[in-house]
Amino acid sequence: MTTDKICKTIHQYSAVPLPREDMQKLLEIAEDYGRVKNYVYQRYGGIKGLPKLYPGYTVQNEMTESGLRMELELPSVYFYLAVFDALGDIKTQWAHTKKRVLEAVRENPRFTAQDRHYLRFAVKVSGCFEAILNGKEPAIPEAMQPQYENIINVVDVENLNRYLCRQVRKKMSTLHTDKADGFAVSKKAYRYGSSGEKHGIFFSTKEKRKRIFVPLTDENEYEKQLYVKLRPEDGEVEICVPMEIKARMHKDYQNEIGLSIGIWQMLTTESGHIYGADLGEFHKELAEFISAGRRTYSREKENNPGRKKYRKQKERLTAKLETYVNQEINRMLKEEKPGVIYIPKLPQAFCRKNLYGKGYGKINYSSTIWKRGYIRERLELKCQENHIRLIYVLGKDISRECSSCGSIGVCEKDRYRCSCCGYEADRKVNAAKNAFKRGKLENEMKAGQEGSAENLSDCGEMD
């Protein structure tokens, strides 16, 4: 779905390496920021802390009373952001835990339909899940009380509750961070300005009325909550600024196209147009550099050759590849003028098999650094920016299915051949055509369902 506004992260960078003493002061904030997060993880990351997570003010008040901020002498502008950052991680972990528990329930063959219904009810209903894990009587909303009573009369509630507790203990992991390379900062803790002829940003420190000046490569100024990333080995600072920008509307973007993503040719349309034909060469250059660097490091490890030069060159090659990806996506949108893009979404198990499974040894290393996720991420963002609908379709057998007759054919290197109707085409073109067909069919089915629903609604109104 498209929206009028989208979220985008803008990056700012330090213009020159920071003095060591200034970087050390920022690192102290980052270390204390991590300590606060670990304290919140330990105290509220378990089952007993679950009822306090929403909306989070209870945790904030208890953290104020704990005395940790005074002990660390950390300014409140950093302390409370660390608290809510940790709370966000805990909430995300609980969401993942619930998802894994529901998957275990769905795959357990011993459960009846009523058992699964009760467990899904217990996990999803607010207040019920927390009460069961803490051994308390669930407080069911009055509107759901009749439904709850009907369920518990046909299942072994006590046994299912024990199963739920076991699965949570099994699926849940302990949160902890050892990173001390960044921290969030609110508007009260920084200001943009100049020092001499250099424009930059001033950050509050643990010392009262003392700020650190970081010269920046640009003169842009923002009034947002920022996230500061530190690279102490290079004396560099990166500032991440979340922004809301308005999506651009293009009246001439009306076409519907199918796309397939490849490791050598980045994007192929159903009409045979190729964008990013040199992507494979960029990947090859990066893969060969990483492979050679690792061999050199292993061979001369005792002499400690260092990795600073290697990391810098790797960053340059990665940036070169990512710039190429963005340029080609922009070119594709400008030339194809799509209003809707259909693209296959492959199952996770399929991706792992193709990237890391047996039989792919020759391309296995290149596959691990394939920017497939980055390509999708940038394509999604640019579609949002330009008000283009990006629709994912089922990717199963999308390369092997014949786009002409629907039979399953064979792929030989980059060519596809159907033994039933004799259709032959480029493998990626065939996949893009299938993505287009599946997307169109899915849209037509949805339109039909919505039309039926409207007809039923109209009949009801007439009655």
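How many aromatic pairs does a search of the whole structure find? The search finds 11 aromatic pairs. The model examined here is a predicted one.

## Aromatic pairs

A pair of aromatic rings is described by the distance of the centres and the angle of the planes. W94 has a relative accessible area of 3%, which is under the 20% limit, so W94 counts as buried. F129 is likewise buried, with a relative accessible area of 1%.

Y190 and Y192 form an edge-to-face pair because their ring centres are 5.9 Å apart and their planes stand at 85°, over the 60 degrees required. Y190 is buried at 2% relative accessibility, and Y192 is buried at 11%.

Three strands make an open sheet in the order 3-4-5, with antiparallel pairing. Strand 3 (190-195) and strand 5 (211-215) are the edge strands; each has a single partner strand, so one side of each lacks a neighbour in the sheet. From one strand to the next, the twist averages 35°.

Strand 3 is joined to strand 4 (residues 198-204) by 6 bridges, and the two run antiparallel. Within strand 4, K198 is the residue that stands opposite S195.

## Strands 1, 6 and 7

Strand 7 pairs with strand 1 in the antiparallel sense over 9 bridges. Here I10 stands opposite V241 of strand 7. Strand 7 also pairs with strand 6 (residues 226-231), again antiparallel, over 5 bridges. The bridge partner of V228 in strand 7 is I239.

Strands 6 and 7 form a hairpin, with 4 residues between them. In the turn, G235 has a positive phi of about 70°.

## The second largest pocket

The second largest pocket has a volume of about 590 Å³. Its lining consists of 19 residues, and H11, Y13, R231, E238 and E322 lie nearest the centre. By class, the lining has 9 charged, 6 nonpolar and 4 polar residues.

Which element gives the most to this lining? Strand 1 does, with 6 residues. At least two lining residues each come from strand 1 (5-13), strand 7 (236-246), helix 10 (308-336) and helix 13 (372-385). Strands 1 and 7, which both contribute to this lining, are also the pair joined over 9 bridges.

Key:
Residues are numbered from 1 along each chain as its sequence is written. This is a predicted model: local features need pLDDT of at least 70, side-chain atom pairs count only at pLDDT 80 or more; totals for chains, interfaces and linings use all residues. Side-chain values use heavy atoms; hydrogens and water are left out. On a 1 Å grid over the protein atoms alone, a cavity is a set of points where a 1.4 Å probe fits but cannot get out, and a pocket is an open set with protein on both sides within 12 Å along at least five of seven lines; lining residues have an atom within 4 Å of a point. Grid points are joined across faces, edges and corners, and a volume is the space filled by probe spheres set on the points. Ala, Val, Leu, Ile, Met, Phe, Trp, Tyr, Cys and Pro count as nonpolar, Asp, Glu, Lys and Arg as charged, and the others, Gly among them, as polar. Two strands pair if DSSP finds at least two bridges between them. Axes are lines fitted to C-alpha atoms, for helices over the stretch in contact, and angles run from 0 to 180 degrees between N-to-C directions. Rings of Phe, Tyr and Trp (its six-membered ring) pair if their centres lie within 6.5 Å; planes under 30 degrees apart count as stacked, over 60 as edge-to-face and the rest as tilted. Buried means under 20% relative accessible area, exposed over 50%, partly exposed in between (1.4 Å probe, protein chains only).
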